[in-house]
Amino acid sequence: MLSENTTITELDLGCNRIGPPALLEVLRGVARNRTLHILKIGFNPITAGFTSIILSVIRKNNHIGLQNVDLQGVVVDKEFVVLLQEIQKDRFFIVQYELSLPVKKLTTEEMREMVGLPCAYNVDPLKLLYLLKEKMRAADFFYKINKDKDDGLQKNELYNLFEEAGLPVTSSVLDKIMEFMDTNEDGIIDLKEFLLGDKRIKNISRKQVRVEQERRAKDIDYNKYSRTFQKAHIDPITSTLKIDPSTSPMRQSRRKSSTDKTVSDTLNEEFNLNLP
């Protein structure tokens, strides 16, 4: 649609569960469109690494008329910021995004300002907490956070944990952790609640791994997914583009165990990028 439309000036695809595979199809249309000025794709599960691919496509295609890309609620990578600065040297171009990785160590004042920002869509608060735990026992992690050695953890102690790690978190991130852990809703996470919460997080993680393994073991039924997945023949788990070996003799000659074509390969060919 985008590649043929000559009248559309604004497209709002925010909050539509659009991930990298579906966004690939959007980029194909954007690269051939000259009239679209505003693209809203915020609050979608777009990975930080894929955000720089979006700007790479825009930078390589000078005829694209985009002037504003809305990525609210999406964390971007370091290369994204560099590409944005390069584009803005040549033309008027605005992007709204949540945060840029890697995150630098912030002062207490900067951290308090960050708390007022909306929650990043593609960062799971519980996963952040679990990552900070590393290989510590749950009880040891509890006492590490509970520095005043009282009966339980309060919201400000979780805030201090993320601040010391150099990870800016919003108030809504802390609220989600408190809601998950504080089962009796008294505003304090005691040791028993923390241990139970840690066990629940582990169970959720294991369940996700088990479900993914079961899905990998079966043939993917593309009828369950959007027309975009079917048209692009993209594996929704691995984000790879399936290529028929019989139609790709050059790939057969390569000494590879797989006939999958990565999204980076596809973008490099279609948009003349130099992605790894």
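**Charged pairs and their surroundings**

K155 is partly exposed, with a relative accessible area of 30% (buried is under 20%, exposed over 50%, and partly exposed lies in between, with a 1.4 Å probe and protein chains only). The model is predicted, so local features need pLDDT of at least 70 and side-chain atom pairs count only at pLDDT 80 or more, whereas totals for chains, interfaces and linings use all residues. Residues are numbered from 1 along each chain as its sequence is written, and side-chain values use heavy atoms, with hydrogens and water left out.

K155 is the partner of D175 in a salt bridge whose closest N and O atoms are 2.6 Å apart, the term standing for a side-chain nitrogen of Lys or Arg within 4 Å of a carboxyl oxygen of Asp or Glu. This pair links distant parts of the chain, since D175 belongs to helix α8 (residues 171-181) and K155 to helix α7, 20 residues apart; helices (H or I, at least four residues) and strands (E, at least two) are DSSP runs numbered from the N terminus. D175, at 38% relative accessibility, counts as partly exposed.

The structure holds seven salt bridges, and another of them joins K147 to E164, with the closest N and O atoms 2.6 Å apart. Here K147 comes from the loop between α6 (138-145) and β5 (152-153), while E164 is in helix α7 (residues 155-164), 17 residues apart. K147 counts as exposed at 54% relative accessibility, whereas E164, at 45%, counts as partly exposed.

In a further pair, the side chains of K40 and E10 meet at 3.3 Å, N to O. Because K40 lies in strand β2 (residues 38-40) and E10 in strand β1, this contact ties together parts that are 30 residues apart in sequence. K40 is partly exposed at 28% relative accessible area, and E10 is partly exposed at 42%.

Those strands belong to an open sheet of four strands, in the order β1-β2-β3-β4 with parallel pairing, where two strands pair if DSSP finds at least two bridges between them. β1 (10-12) and β4 (94-97) stand at the edges with a single partner strand each, so one side of each has no neighbour in the sheet.

E193, in helix α9 (residues 191-217), is a contrasting case: E193 is buried yet has no salt bridge, and the nearest side chain of opposite charge, K192, is 8.9 Å away (Lys and Arg count as positive, Asp and Glu as negative; His and the chain ends are not counted). The side chain of E193 instead reaches the backbone nitrogen of N184 at 3.2 Å.

How values were computed:
Polar contact = N/O pair within 3.5 Å; in protein donor to acceptor, adjacent residues only side chain to side chain.
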